[in-house]
Structure formats: C-alpha cells, structure tokens
Amino acid sequence: MQNLHPALIHFPIALLLIGFLFDILSTVLKRNSLRSAGWWCLLVGGVSLAAAIGSGVYAESTAGHNDASHVIMERHKQIEYVATALFGLLLVWRSLRKTMLPQSMVQLAVYYAIGVFAIGTMAYGAHLGGRLVYEYGVGVAAVSQGESGGHEHNHGEGSDHHRSVTPEPGTSTVPKAVPASPKPARPGETHTHSDGSAHTH
C-alpha cells in the first residue's frame, strides 16, 4: 500500500499545473473553453491531491526511515499541506463564483499570485519527495550488483546498452556493497528519532 503514494502524486502535479496554464491562456485569449478546462483540471487535481496526501500520511507510518530522512519527510509533509491549503482556497474561490475567474484586475492578480505560490510550493514539496527516494532510499529496496565484475553504461551510437568491464590485473572483482534502504516498519512498532520525537507505526 505504501507504493500507492508515488503512483497517485503525479496526477495532481500534472492536473494543477496544466489547469493553471489553461486559466492564464483563457485570460489572455478570452476563451471560455480554456477557462472551463482550467476549472475541471483544478477540481480533479484538488481531489487527487487530497488522495495523494492521504496516501502519503499512510506511507509515512509504514516506510522505514532514519533520522536524516525523517527531517526531510516532515518538511515534505508540511510543504505539501501548505500547497493543499492554497489550491483548496482557489477551488473554493472558483466554486463561489460558479467556476468563473475573478473579473476585476485586482482580484485576478491576487488569484494568479496565489496560484503561482501554490505551484511553487507544490514543486518544492515534490523535490523533497524525490530526495527521500533517490538520496535516502525511503520505500525502495537496494539494487544488488552482479558478481561478474564491474558494469558501465554506454549510450553512444552503435554501442550496446550494457557491456561488462573486464577488471584490470591486480584489482578486486568483489562488487561494492550497496547501502541498504531502511527496513519497513512493523505494525505497532514505536520509532524514536534522535530529536526525541516518536511515533507508532
């Protein structure tokens, strides 16, 4: 179930970003069809963002992590809470106006300012989520190396995608150890961090 979060999170990122671009184009080009498309992207994107947040909270309690990744995880969660609140504000604003964008220039400028801040906040939160996976290995298993020596990628034209590298004489052929990702937490297990904070999985 913890794999549900990375599967869901791409939908709100794409929908909310594209919907905001539709809104801007509808203002510039005076096209109601673009405004309508922006509204539906905002609506569906907001719902999918709520689902992604819920799956992320569940993943936090089940995915193994250490003290360093816990700090990033908490920041990631707080940033995405802010993004959710901002997009929720835009969704309520549009709902009260029956999906229409603000008509006055001042209100429209405020609406777009909130939208830019919401997009930037969501993007930064996504960056932190990527760090959790690619830097700290949260929620993923370590990839073991083969026992047949070194390995390198060569994507040049006319070359094979994979090819083995013959080790030089006198060099060790023992593969380097790959750092293991944190072990998944067991239900009911209490996890205590170095800062004294604790939570039960």
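Visitor: What does Lys77 form a salt bridge with?

Guide: Its partner is Glu74, and the closest N and O atoms of the two are 3.5 Å apart. Glu74 and Lys77 are 3 residues apart in helix α4, so about one helical turn separates them.

Visitor: How many salt bridges are there in the count?

Guide: The count comes to 3 salt bridges. Another one of them joins Asp23 to Arg94, with the closest N and O atoms 3.1 Å apart. Because Asp23 lies in helix α2 and Arg94 in helix α4, this pair ties together parts that are 71 residues apart in sequence. There is also a salt bridge between the side chains of Arg131 and Glu135, at 3.2 Å from N to O.

Visitor: Take Asp23 and Arg94 then. Is Asp23 buried or exposed, and what about Arg94?

Guide: Asp23 is buried, with a relative accessible area of 2%, and Arg94 is buried too, with a relative accessible area of 0%. In the other pair, Arg131 is partly exposed at 21%, while Glu135 counts as exposed at 53%.

Visitor: What else does Arg94 touch?

Guide: If we leave out residues up to four places away in sequence, Arg94 touches Asp23, Arg35, Gly38, Trp39, Leu42, Thr99, Met100, Leu101 and Tyr111. For Tyr111, which is 17 residues from Arg94 along the chain, the separation between the two C-alpha atoms is 9.7 Å.

Visitor: Let me step back. How many helices and strands does the protein have?

Guide: The protein has 5 helices and 4 strands, and along the sequence they follow the pattern α-α-α-α-α-β-β-β-β. Of the contacts with a separation of 6 or more, 70% are accounted for by residues 24 or more positions apart.

Visitor: And how much of it is buried?

Guide: Buried residues make up 30% of the 201 residues in the protein. The accessible surface comes to about 12,500 Å², and 64% of that belongs to carbon and sulfur atoms.

Visitor: Which residues touch the most other members in the largest nonpolar core?

Guide: That core has 18 residues, and those touching the most other members are Leu16, Leu42, Phe87, Leu90, Tyr111, Tyr112 and Met122. At least two residues of this core come from each of α2 (10-29), α3 (32-62), α4 (67-96) and α5 (105-134), and the largest share, 7 residues, is supplied by α5. Another core lies apart from it, with 7 residues that include Ile72, Met73, Ile79 and Leu132. As a general point, nonpolar side chains in soluble globular proteins tend to be buried together.

Visitor: Pick one from the largest core for me. What is Leu90 in contact with?

Guide: Setting aside neighbours within four places in sequence, Leu90 is in contact with Leu42, Tyr111, Ile114 and Gly115.

Visitor: I also noticed a histidine. Where is His76 found, and what does His76 touch?

Guide: His76 is found in helix α4, and it counts as buried because its relative accessibility is 15%, where buried means under 20%. Not counting residues up to four places away in sequence, His76 touches His5, Gly125, Leu128, Gly129 and Leu132.

Visitor: Before I go, where is confidence lowest and where is it highest?

Guide: Confidence is lowest in strand β2 (residues 162-165), at a mean of 50, and highest in α2, at 96. For the protein, the mean pLDDT is 80, and 67% of the residues reach 70 or more. Over residues 174-179 pLDDT stays under 50, and the model has 7 contacts beyond four places in sequence for that stretch. Where pLDDT is low, the predicted coordinates should not be read in detail.

Conventions
Residues are numbered from 1 along each chain as its sequence is written. Side-chain values use heavy atoms; hydrogens and water are left out. A nonpolar core is a set of buried Ala, Val, Leu, Ile, Met, Phe, Trp, Tyr and Cys residues joined through side-chain atoms within 4.5 Å. Buried means under 20% relative accessible area, exposed over 50%, partly exposed in between (1.4 Å probe, protein chains only). Contact means heavy atoms within 4.5 Å. Accessible areas come from the Shrake-Rupley method with a 1.4 Å probe; for residues, only the protein chains shown count as cover. A salt bridge is a side-chain nitrogen of Lys or Arg within 4 Å of a carboxyl oxygen of Asp or Glu. pLDDT is the predictor's confidence in each residue, from 0 to 100.
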